Amino acid sequence: MFRELTRIKNKLSDEACIRILTTEKRGVLSVNGDGGYPYAMPMNHYYNPDDGAIYFHCGKTGHRLDSLKKDGRASFCVYDGGFRKDGEWALNIGSVIVFGKIEIIDEPSVTADISEKLSLKFTDDAEYIRNEIKNFAANTLILKLKPENICGKLVNES
């Protein structure tokens, strides 16, 4: 069902893919939007090593949520900041694409837990995180992307 990379020599290991999903703060989530058009949006995410799922938070209304209620299939693309080899100008960028289905979770304890874990990628200010959860969790849903396929590659931008 999922295609193999054309340039298999550029394929990243599973460990490298997980590292990118864990360390990078944001990516682009794409869903099947209105009129058959893809709907893609930048999203902060949390990769959970315990269940291998990727979690997002979102409001309780909007285009993204309407689209997911019709069709839970999605893709999520994340890429790292890249690196340069000595003496070269071009970046070498690791990217990961995840295909899977999204489950919409409206459970206060899960919302608080995932929101805290996601927030810790940006700040360790516990009081700030507690206040954000207290003030906004009631209007927040959690999206759980269950990967069916994860594939990464290293691309040289030259």
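Colleague: Which residues is Phe56 in contact with, leaving aside its neighbours within four places in sequence?

Modeller: In this predicted model, the partners of Phe56 are Leu29, Met43, Asn44, His45, Phe76, Leu118, Leu141, Ile142, Leu143 and Leu145. They count as contacts because heavy atoms lie within 4.5 Å.

Colleague: What makes the largest nonpolar core a core, and how many residues has it?

Modeller: The set holds 24 residues. Two or more residues each come from helix 1, strand 1, strand 2, strand 4, helix 2, strand 5, strand 6 and strand 7. Helix 1 gives the most, 4 residues. There's also a second, separate core of 7 residues, including Tyr46, Tyr55, Leu118 and Ile142.

Colleague: How do you know that strand 3 and strand 4 pair?

Modeller: Pairing takes at least two bridges, and 2 bridges join strand 3 to strand 4, so the pair qualifies. The two run antiparallel, and Tyr46 stands opposite Tyr55 in strand 4.

Colleague: And what makes strand 4 and strand 7 a pair?

Modeller: They share 6 bridges in the antiparallel sense, against a requirement of at least two, so they pair as well. One of the facing pairs is Cys58 with Leu141 in strand 7. For strand 6 and strand 7, the number is 14 bridges, again antiparallel; there, Ile97 stands opposite Cys151.

Colleague: Why are strand 2 and strand 3 called edge strands?

Modeller: The open sheet has 7 strands in the order 2-1-5-6-7-4-3. Strand 2 (38-44) and strand 3 (46-47) each pair on one side only.

Colleague: How do you know that the span of helix 3 agrees with what it should be?

Modeller: Helix 3 (residues 108-119) has 12 residues, which should span 16 Å at 1.5 Å a residue; the end C-alpha atoms are 16 Å apart, so the two agree.

Colleague: What makes you say that the buried residues of helix 3 line one face?

Modeller: Thr111, Ile114, Ser115 and Leu118 are the buried ones, each being under 20% relative accessible area. Seen down the axis of helix 3, they fall within an arc of 105°, so they line one face.

Technical notes: Residues are numbered from 1 along each chain as its sequence is written. This is a predicted model: local features need pLDDT of at least 70, side-chain atom pairs count only at pLDDT 80 or more; totals for chains, interfaces and linings use all residues. Side-chain values use heavy atoms; hydrogens and water are left out. A nonpolar core is a set of buried Ala, Val, Leu, Ile, Met, Phe, Trp, Tyr and Cys residues joined through side-chain atoms within 4.5 Å. Buried means under 20% relative accessible area, exposed over 50%, partly exposed in between (1.4 Å probe, protein chains only). The expected span of a helix is 1.5 Å times one less than its number of residues. The arc is that of the directions from the helix axis to the C-beta atoms.
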